[in-house]
Number of protein chains: 8
Amino acid sequence: GYAKLDHRRQKRKGFPEVIFGEGKTVDQLYEIFLRLKEKNDTVLATRVDAEKADRVQQTVADVQYNRDARTLLWKRQEGPRYPGYVAIVCAGTSDFPVAEEAAVTAEAFGCNTERIYDVGVAGIHRLFDQLDKIQQADVVVVAAGMEGALASVVGGLVSRPIIAIPTSIGYGANFGGLSALLTMLNSCSTGVSVVNIDNGFGAGYSAGVIIKNKYEKGI
Amino acid sequence: GYAKLDHRRQKRKGFPEVIFGEGKTVDQLYEIFLRLKEKNDTVLATRVDAEKADRVQQTVADVQYNRDARTLLWKRQEGPRYPGYVAIVCAGTSDFPVAEEAAVTAEAFGCNTERIYDVGVAGIHRLFDQLDKIQQADVVVVAAGMEGALASVVGGLVSRPIIAIPTSIGYGANFGGLSALLTMLNSCSTGVSVVNIDNGFGAGYSAGVIIKNKYEKGI
Amino acid sequence: GYAKLDHRRQKRKGFPEVIFGEGKTVDQLYEIFLRLKEKNDTVLATRVDAEKADRVQQTVADVQYNRDARTLLWKRQEGPRYPGYVAIVCAGTSDFPVAEEAAVTAEAFGCNTERIYDVGVAGIHRLFDQLDKIQQADVVVVAAGMEGALASVVGGLVSRPIIAIPTSIGYGANFGGLSALLTMLNSCSTGVSVVNIDNGFGAGYSAGVIIKNKYEKGI
Amino acid sequence: GYAKLDHRRQKRKGFPEVIFGEGKTVDQLYEIFLRLKEKNDTVLATRVDAEKADRVQQTVADVQYNRDARTLLWKRQEGPRYPGYVAIVCAGTSDFPVAEEAAVTAEAFGCNTERIYDVGVAGIHRLFDQLDKIQQADVVVVAAGMEGALASVVGGLVSRPIIAIPTSIGYGANFGGLSALLTMLNSCSTGVSVVNIDNGFGAGYSAGVIIKNKYEKGI
Amino acid sequence: GYAKLDHRRQKRKGFPEVIFGEGKTVDQLYEIFLRLKEKNDTVLATRVDAEKADRVQQTVADVQYNRDARTLLWKRQEGPRYPGYVAIVCAGTSDFPVAEEAAVTAEAFGCNTERIYDVGVAGIHRLFDQLDKIQQADVVVVAAGMEGALASVVGGLVSRPIIAIPTSIGYGANFGGLSALLTMLNSCSTGVSVVNIDNGFGAGYSAGVIIKNKYEKGI
Amino acid sequence: GYAKLDHRRQKRKGFPEVIFGEGKTVDQLYEIFLRLKEKNDTVLATRVDAEKADRVQQTVADVQYNRDARTLLWKRQEGPRYPGYVAIVCAGTSDFPVAEEAAVTAEAFGCNTERIYDVGVAGIHRLFDQLDKIQQADVVVVAAGMEGALASVVGGLVSRPIIAIPTSIGYGANFGGLSALLTMLNSCSTGVSVVNIDNGFGAGYSAGVIIKNKYEKGI
Amino acid sequence: GYAKLDHRRQKRKGFPEVIFGEGKTVDQLYEIFLRLKEKNDTVLATRVDAEKADRVQQTVADVQYNRDARTLLWKRQEGPRYPGYVAIVCAGTSDFPVAEEAAVTAEAFGCNTERIYDVGVAGIHRLFDQLDKIQQADVVVVAAGMEGALASVVGGLVSRPIIAIPTSIGYGANFGGLSALLTMLNSCSTGVSVVNIDNGFGAGYSAGVIIKNKYEKGI
Amino acid sequence: GYAKLDHRRQKRKGFPEVIFGEGKTVDQLYEIFLRLKEKNDTVLATRVDAEKADRVQQTVADVQYNRDARTLLWKRQEGPRYPGYVAIVCAGTSDFPVAEEAAVTAEAFGCNTERIYDVGVAGIHRLFDQLDKIQQADVVVVAAGMEGALASVVGGLVSRPIIAIPTSIGYGANFGGLSALLTMLNSCSTGVSVVNIDNGFGAGYSAGVIIKNKYEKGI
Ligand SMILES: Nc1ncnc2c1ncn2[C@@H]1O[C@H](COP(=O)(O)O)[C@@H](O)[C@H]1O
Ligand SMILES: Nc1ncnc2c1ncn2[C@@H]1O[C@H](COP(=O)(O)O)[C@@H](O)[C@H]1O
Ligand SMILES: Nc1ncnc2c1ncn2[C@@H]1O[C@H](COP(=O)(O)O)[C@@H](O)[C@H]1O
Ligand SMILES: Nc1ncnc2c1ncn2[C@@H]1O[C@H](COP(=O)(O)O)[C@@H](O)[C@H]1O
Ligand SMILES: [Mg+2]
Ligand SMILES: [Mg+2]
Ligand SMILES: [Mg+2]
Ligand SMILES: [Mg+2]
Ligand SMILES: [Mg+2]
Ligand SMILES: [Mg+2]
Ligand SMILES: [Mg+2]
Ligand SMILES: [Mg+2]
């Protein structure tokens with residue numbers, strides 16, 4: 001009744017339907033996971049808390065739960081990876097879970113990733129120390145909360161596609177991530193496009209699409 | 001005094017500094033245009049009204065002014081284009097100028113473009129009639145105002161990177177493009193990233209970066 | 001003291017006062033339910049949690065509690081239904097409770113309903129598969145969260161009155177349903193009017209009013 | 001190029017594409033008007049200022065321009081009207097243009113209308129004096145600015161479908177019609193659905209759809 | 001340290017400092033209550049939950065706790081009341097606690113009150129039934145949530161000073177009382193001034209000030 | 001057609017309908033002014049620009065136009081004034097027009113006024129110099145823009161009813177008067193109620209109502 | 001992995017990296033605290049709840065936890081203080097924790113502080129009683145919630161740098177501190193700059209920087 | 001009548017009242033300028049357009065009008081300057097006028113200034129090229145529009161007090177400077193305090209106060 005799974009999505013989009021775990025009951029998540037597993041080679045669920053994860057892991061073998069990213073991932077078999085990599089850059093320790101969600105999603109897509117964490121502009125030398133690794137990535141994902149200035153700084157230094165994720169880290173006039181969101185939309189640097197607040201999944205997915213379209217036959 | 005041009009940008013970003021014409025005086029725009037022309041092979045200025053355009057065109061030969069996109073473009077010589085193309089899709093007649101700004105920018109970058117205009121969801125068959133051309137693009141730019149639903153529909157049908165531009169077309173609870181912006185950030189479709197309201201330049205630029213990074217040696 | 005029931009509402013509005021369960025104590029809800037039951041043939045309460053429902057069900061026979069819709073419904077006797085039906089369309093699994101509230105309300109009004117759930121634009125063929133059933137309804141209710149684009153797509157395809165319900169499903173720049181609300185208010189499709197975020201009751205009621213006024217003597 | 005007219009709309013929606021005049025050039029409006037006139041029996045354009053209207057009227061015979069509603073209307077021939085009528089109620093003198101846009105649209109749809117203007121709640125007896133005419137309408141459209149309370153009062157007294165239009169009349173904390181919009185979305189009265197701020201067209205259209213679906217064969 | 005009580009307030013303002021209970025610890029509230037009691041004849045505390053109330057009541061005799069209004073009130077001796085009365089009108093059952101806070105405050109000020117509750121515009125005859133009592137009051141306080149239309153209706157019918165309190169009752173586009181607040185600020189009726197959302201205390205106080213200044217020597 | 005004047009308002013509210021001049025045409029204003037003049041002893045119009053004022057003044061003798069307040073006032077005969085007075089206090093030179101609108105309205109009501117202007121908190125001694133005159137008023141109206149702190153300071157020092165008017169003076173994060181509006185609604189001082197941004201008329205009217213109800217037979 | 005500490009910050013900024021305790025796990029906070037302690041002479045952590053504080057205090061000797069300010073502070077040795085002092089002024093009892101965070105931070109910086117609490121404008125004489133102490137400070141920090149008017153009043157009376165902290169104390173149209181924030185940004189008094197809502201740390205830090213730069217060699 | 005000049009401000013604040021030119025008539029500005037000139041040694045007026053400036057310059061000798069900053073400045077005699085300097089840093093060419101307003105104000109205060117313009121983060125090497133000059137300033141003012149990231153970058157590199165000015169440069173989701181304002185309030189860098197959008201005057205003034213208090217006897 002409540003769920004009409006989109007089994008043609010792999011064909012149309014190149015990646016199967018992904019489960020949005022938030023607001024689903026343990027039973028709904030479990031049932032949808034199994035139904036997707038039947039028809040697809042990869043099943044990814046995001047925003048899954050430990051309790052829902054447990055239920056799935058008890059039944060399905062080889063499901064990986066990433067406690068930070070809050071993702072559940074199952075693959076029929078570990079396939080080859082695309083060449084190149086996605087650089088996942090984040091500003092502070094607190095942006096870690098969002099950055100991890102992006103990383104897990106890109107990896108589910110078949111991408112390699114490089115994590116470059118806690119390099120926010122309050123101590124900008126930390127970023128310059130890692131600049132080569134960022135500049136040589138195929139795509140760069142930047143997650144930052146508070147004022148989100150890191151996206152603009154990276155945008156000024158890197159010639160690769162940049163996908164910026166505002167995080168909801170902050171308080172007061174942060175308004176739940178609005179501050180970083182506006183920063184990223186108004187960036188004076190070029191080549192930066194933006195996804196929703198805390199949407200690590202969306203950024204990882206878009207990064208994956210770019211890499212897939214670049215190396216299409218490379219896997 | 002007022003302008004410290006960033007002549008290293010071509011090297012760092014793969015494209016020279018672009019002039020933001022809005023809020024500059026005729027003289028400022030003119031002077032900056034000339035100074036950039038000396039050191040670069042391409043000069044692009046956006047948000048340039050007819051009066052400022054005139055002033056530049058009177059002096060500089062071979063400058064193209066696009067009255068709809070409000071762009072000024074000069075190239076030292078017409079170079080080769082990257083393979084493939086950017087599909088520029090827009091929802092209504094009124095989104096035309098923003099879509100054109102995206103197209104001009106992508107072309108300045110060396111990309112081919114396909115314009116697919118006025119195919120909004122109120123008459124969705126118009127979109128399906130053109131679906132092949134959209135699905136085969138290397139990157140898809142979608143510009144839409146009012147509620148901006150077109151981005152989600154395209155996002156459900158296309159496996160290529162999609163860059164969505166909310167436009168400020170609308171009235172009342174549109175709040176100057178906020179409605180379409182929120183739509184695009186919250187899209188239930190995957191592979192969609194977003195630029196600022198009316199930022200055709202940003203979308204065209206990001207599309208160019210993706211194509212450049214895909215075909216890097218293909219030009 | 002605290003409640004002055006509006007016993008003339010059935011006469012004036014064609015349907016008795018409905019109890020808004022949120023923020024009422026168990027005792028208040030219970031007492032108001034009994035007082036309305038004395039003077040009316042139908043009693044509907046919305047936004048009733050399980051505890052308040054229990055209290056009423058222990059005393060009153062034949063009260064139906066819908067756990068998803070969170071509604072309590074009592075009818076003195078099951079009457080005939082109006083001809084035709086309300087199509088209740090929703091975008092995702094998470095919009096289910098709001099859609100159910102609309103369905104229960106329309107049924108309490110004496111309408112038939114057809115539920116067409118989880119057909120959001122990310123997999124738009126699911127909608128096209130059901131289009132006939134939607135196009136032939138007397139009224140169409142569309143519930144959608146996130147960006148709420150489904151309302152515009154349905155609005156482009158259907159010639160019947162459409163009542164759109166934005167739901168609060170989403171996160172980040174969704175701002176508690178604001179995104180879908182603005183989408184629906186700014187829809188470029190015609191024939192769409194809108195109720196408050198998560199107001200399944202209001203949409204079901206308006207659908208009921210339209211059907212009642214169409215078939216007035218048809219019951 | 002810029003316009004892909006939706007000539008199948010009459011078939012799909014029961015009413016041809018309507019021109020949104022705002023933001024179109026005189027030439028664009030004129031050309032689109034002529035192209036629609038070729039394939040349809042009714043052409044309606046909204047938000048048309050006097051200059052654009054002139055240009056169309058100089059060429060096309062029998063085009064009616066309503067200076068208050070800012071609408072241009074052409075009908076191949078005056079057809080019969082549906083039975084019943086739409087009551088168009090407005091709160092103050094300043095809501096007049098929006099109310100007129102709703103009236104013209106409903107009439108273009110083939111509906112009769114009754115105008116009941118300047119009956120806002122500051123002098124509520126003016127409303128009660130006209131209550132019969134409102135209660136016997138098939139659909140009631142209520143336009144109100146400032147705080148928009150009239151919609152709730154009408155909603156408490158009338159058993160017919162009510163479509164509320166918030167207008168942008170007001171100042172200060174009115175925020176361009178936001179105040180009346182929120183009022184109408186949050187109305188404690190039932191049977192009220194809402195269209196965008198100043199969207200007289202949308203309300204008139206939805207009223208037309210309801211009447212058409214009621215009397216379908218009655219014309 | 002943390003509290004510098006304003007013992008001159010009775011002299012300057014005609015009423016002693018009132019304790020804002022929210023966010024104070026049980027101990028802070030208790031201590032401040034005792035210190036104020038020493039120097040004043042009336043002590044009023046608002047937004048006091050049951051636990052804090054208990055602590056004060058265990059020590060201080062003759063303290064009245066109103067569980068609905070969440071107020072603690074102590075008077076050295078019951079004094080005479082001013083002539084006339086404040087009418088406290090509220091729209092729905094859920095506005096009850098805010099209306100009660102207003103009533104308790106006005107009574108602490110020495111005013112008589114008349115409570116006229118649950119007379120919202122969805123059933124407007126309930127208001128007309130009580131109109132005389134409202135029209136003859138010295139001051140009228142109107143509390144309403146959701147869209148808050150009741151204030152405008154009362155404002156159209158009454159020639160006495162009206163103080164409107166928006167309450168936070170509602171959901172969705174109510175935005176925590178913003179809807180009713182904007183309604184009341186934009187009221188097309190005259191003689192209405194407004195206090196903060198849920199500020200029953202402020203409205204009761206202002207009503208008290210008006211009565212005190214009218215009858216100054218009448219007590 | 002467009003105007004249904006409320007000739008019973010004098011009876012119901014104690015003051016005749018007042019014309020809101022904004023958005024009315026010269027002809028509408030003129031016609032409504034004459035029709036109200038026939039049935040009432042006082043006609044007040046607010047938000048009237050010089051052109052509309054001219055048209056009325058050319059025909060009607062003894063109409064006073066206040067260029068600062070932008071009000072038109074006609075009285076059949078100059079009547080007696082109520083005892084006491086309204087103190088009109090404003091913070092800066094720029095708040096002058098709003099303060100004048102309040103003063104003219106209170107005077108039209110039959111009140112005496114005392115103007116105490118440009119005494120904002122940046123130079124608070126200017127306020128203390130005039131404190132007696134403020135404290136002895138029957139009602140105090142306080143108009144302030146920017147952050148509007150003056151209302152709180154007056155509220156801390158005066159035991160009379162205070163009506164606060166936020167003005168739209170300011171820039172940047174003032175958001176058209178929102179800053180002063182929020183200040184006044186959240187005032188930690190007691191006895192302050194608030195009207196809409198720039199609503200000098202509303203404050204003057206409410207002040208008039210309070211004085212009228214105090215001295216009812218005193219005129 | 002998750003934390004790249006900025007050990008050069010003392011050198012660059014004159015004060016080591018400060019730990020933002022909110023959103024960090026007990027283990028993360030503990031580990032970062034120890035790592036910073038190794039390389040620096042002062043370690044400060046803000047927004048630390050009792051549980052996290054305990055864990056650090058059990059291991060590290062001489063760590064001070066301020067329960068009101070929610071700060072953890074460790075100093076290798078108690079150094080000399082700069083001459084002069086920071087005046088920390090707050091409006092109400094509830095602003096106490098934010099004021100304390102500012103005080104602790106300034107002291108960690110090596111400044112003397114004077115606390116002047118609960119002197120809000122509702123009883124302005126309390127402020128005047130302490131004016132000398134405020135006027136003679138080197139820097140003045142003002143914390144205020146609700147409407148935050150105290151900052152403007154202090155700004156009118158003091159010739160020293162003033163740093164204003166809006167607090168989130170309030171309800172309704174306070175919107176979590178927005179009201180006080182806008183007040184402080186729009187202050188008509190001069191010499192006032194503003195930090196984020198509830199950012200006692202930021203204000204204390206800025207005060208410390210001003211004093212340090214004034215007396216640089218004075219310690 | 002309309003202006004009560006605050007001639008004690010020099011004494012209280014160390015700088016005389018400054019004229020806010022916006023919204024004042026040519027005559028008001030002129031009169032107030034002359035009256036302030038009589039009693040003070042410096043007169044500064046901000047937000048003065050060319051027409052108002054002309055009127056003052058025609059009468060008063062030695063008045064300097066800065067066309068970019070839109071300031072009028074008169075000094076009885078050119079006095080000595082404080083030691084040290086204020087660094088005025090801005091991000092883009094368009095922030096120039098706001099930066100100039102800050103510079104003129106600081107100079108009126110008796111400070112030296114260093115202008116470091118157009119060094120935004122899109123080309124961050126331009127900032128590093130000037131870092132010494134910024135790090136050695138006594139106070140740093142940073143003006144930036146769009147996303148305002150420059151303030152955070154400077155904040156990470158400089159140990160002096162930093163005053164950030166968000167400018168209204170930008171479009172779309174910039175919302176008139178809101179984006180840069182939120183960035184600066186939420187900065188993860190320390191030692192940054194913020195003034196209102198476009199408030200160059202406020203930042204220059206606060207910088208002046210800090211320098212004055214540092215070198216008090218140094219002039
Ligand atoms: N209460 C606070 N408010 C704002 N920023 C803070 C606060 N406490 C520490 N910080 C800053 O937050 C940064 C730490 O971010 P993170 O990497 O997430 O630990 C440090 O650079 C501090 O300067
Ligand atoms: N879910 C709902 N959403 C909005 N309004 C409702 C809902 N359920 C009932 N109502 C209305 O709320 C009113 C009851 O308010 P109250 O007096 O507080 O019980 C009734 O007149 C109903 O028409
Ligand atoms: N550009 C400015 N921005 C903010 N405040 C200003 C500005 N220029 C002057 N002021 C202040 O505005 C006040 C003048 O207000 P008014 O009485 O309306 O002239 C003075 O106290 C100044 O300190
Ligand atoms: N419910 C309330 N809403 C608004 N203000 C209140 C309320 N109750 C008391 N107050 C005011 O809050 C102030 C006390 O603030 P504080 O110093 O934090 O205790 C007093 O001056 C009261 O006038
Ligand atoms: Mg860190
Ligand atoms: Mg079109
Ligand atoms: Mg689904
Ligand atoms: Mg009227
Ligand atoms: Mg009720
Ligand atoms: Mg002044
Ligand atoms: Mg206190
Ligand atoms: Mg530049």
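Me: Which residues come nearest to ligand 1, and from which chains is its site built?

Reply: A residue counts as near if one of its heavy atoms lies within 4 Å of the molecule. In this predicted model, 17 residues are around ligand 1, and A:D118, A:Y171, G:R9, G:K24 and G:T46 come nearest. The site is shared between chains, because residues from chains A, G and H surround the ligand. Local features here need pLDDT of at least 70, and side-chain atom pairs count only at pLDDT 80 or more. Residues are numbered from 1 along each chain, and side-chain values use heavy atoms.

Me: What polar side-chain atoms lie at the oxygen and nitrogen atoms of ligand 1?

Reply: A polar contact is a pair of N or O atoms within 3.5 Å. A side-chain N or O atom of G:R9 is 2.5 Å from an oxygen atom of ligand 1, and a polar side-chain atom of A:D118 lies 3.2 Å from an oxygen atom of the ligand. The protein covers 92% of the 510 Å² of accessible area that the ligand has on its own (Shrake-Rupley method, 1.4 Å probe).

Me: How is the largest pocket lined?

Reply: Rolling a probe the size of a water molecule over the atoms shows where empty space is left. A pocket is an open set of points on a 1 Å grid over the protein atoms alone, where a 1.4 Å probe fits, with protein on both sides within 12 Å along at least five of seven lines; lining residues have an atom within 4 Å of a point. The largest pocket holds about 1500 Å³ of space. Its lining comprises 37 residues, with A:L178, B:L178, C:L178, D:L178 and H:L178 nearest the centre.

How values were computed:
Chains lettered and ligands numbered in written order. Polar contact = N/O pair within 3.5 Å; in protein donor to acceptor, adjacent residues only side chain to side chain. Points joined across faces, edges and corners; volume = space filled by probe spheres on them.
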